[in-house]
Amino acid sequence: MGELSKLPNIGKIIEKQLIQVGIDSVDELKKTGARAAWLKILETDESACMNRLMALEGAVRGVKKTMLPDNVKADLKEFYRREKKGE
């Protein structure tokens, strides 16, 4: 496992997916942002779920996904709903 897996919420599977979509460093993930990274993953993996989106947001912020503020969780849920509905 590499640099990305040192972030909270990022295990070897998500790290592999990030690398597959061209995000291969912590700086690149932070620059890309959780939503855009998740959308890139969704293009290659239809099973990309809400938990993965929250995990990415937590990783960008440096916290466990359970520690995300409620308003951030609500915004991510709305984003997820819109994006999944648009498929």
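Predicted model: local features only at pLDDT ≥ 70, side-chain atom pairs only at ≥ 80, totals over all residues.
A crossing of two helices is right-handed if the near helix is turned clockwise from the far one by less than a right angle.

**Helix packing around α5**

α3 passes α5 in a right-handed crossing. Helix α3 spans residues 34–44, and its axis lies 12 Å from that of α5, at an angle of about 30°. Angles under 35 degrees count as roughly parallel, so α3 is roughly parallel to α5. On the α3 side, the contact is made by R35, W38, L39 and L42. On the α5 side, D75, L76, F79, Y80, E83 and K84 take part. By class, this contact has 6 nonpolar and 4 charged residues, and no polar ones.

Helix α4 covers residues 50–61 and packs on α5, residues 70–85. The angle is about 135°, with the axes 10 Å apart. That angle makes α4 oblique to α5. The crossing of α4 with α5 is right-handed. From α4 come M50, L53, M54, E57 and R61. From α5 come V72, K73, L76, K77, F79 and Y80. The contact of α4 with α5 has 7 nonpolar residues, 4 charged residues and no polar residues.

The table sets out the geometry of both pairs.

| Helix pair | Angle | Axis distance |
|---|---|---|
| α3 and α5 | about 30° | 12 Å |
| α4 and α5 | about 135° | 10 Å |

**S25, between two helices**

S25 sits in the loop between α1 (12–20) and α2 (26–32). Is S25 buried or exposed? Its relative accessibility is 18%. Buried means under 20%, so S25 counts as buried. The side chain of S25 reaches the backbone nitrogen of E28 at 3.0 Å. Leaving aside residues up to four places away in sequence, S25 touches E3 and L4.

N9 belongs to the segment before α1. Most residues other than glycine have a negative phi.

Technical notes: Residues numbered from 1 in each chain as written. Heavy atoms only, no water. Axes fitted to C-alpha atoms, helices over the stretch in contact; angles between N-to-C directions. Helix = DSSP H or I, 4+ residues; strand = E, 2+ residues; numbered from the N terminus. Parallel < 35°, antiparallel > 145°, perpendicular 65-115°, else oblique. Contact = heavy atoms within 4.5 Å. Nonpolar A, V, L, I, M, F, W, Y, C, P; charged D, E, K, R; others polar. Buried < 20%, exposed > 50% of the residue type's maximum accessible area, 1.4 Å probe, protein only. Polar contact = N/O pair within 3.5 Å; in protein donor to acceptor, adjacent residues only side chain to side chain.
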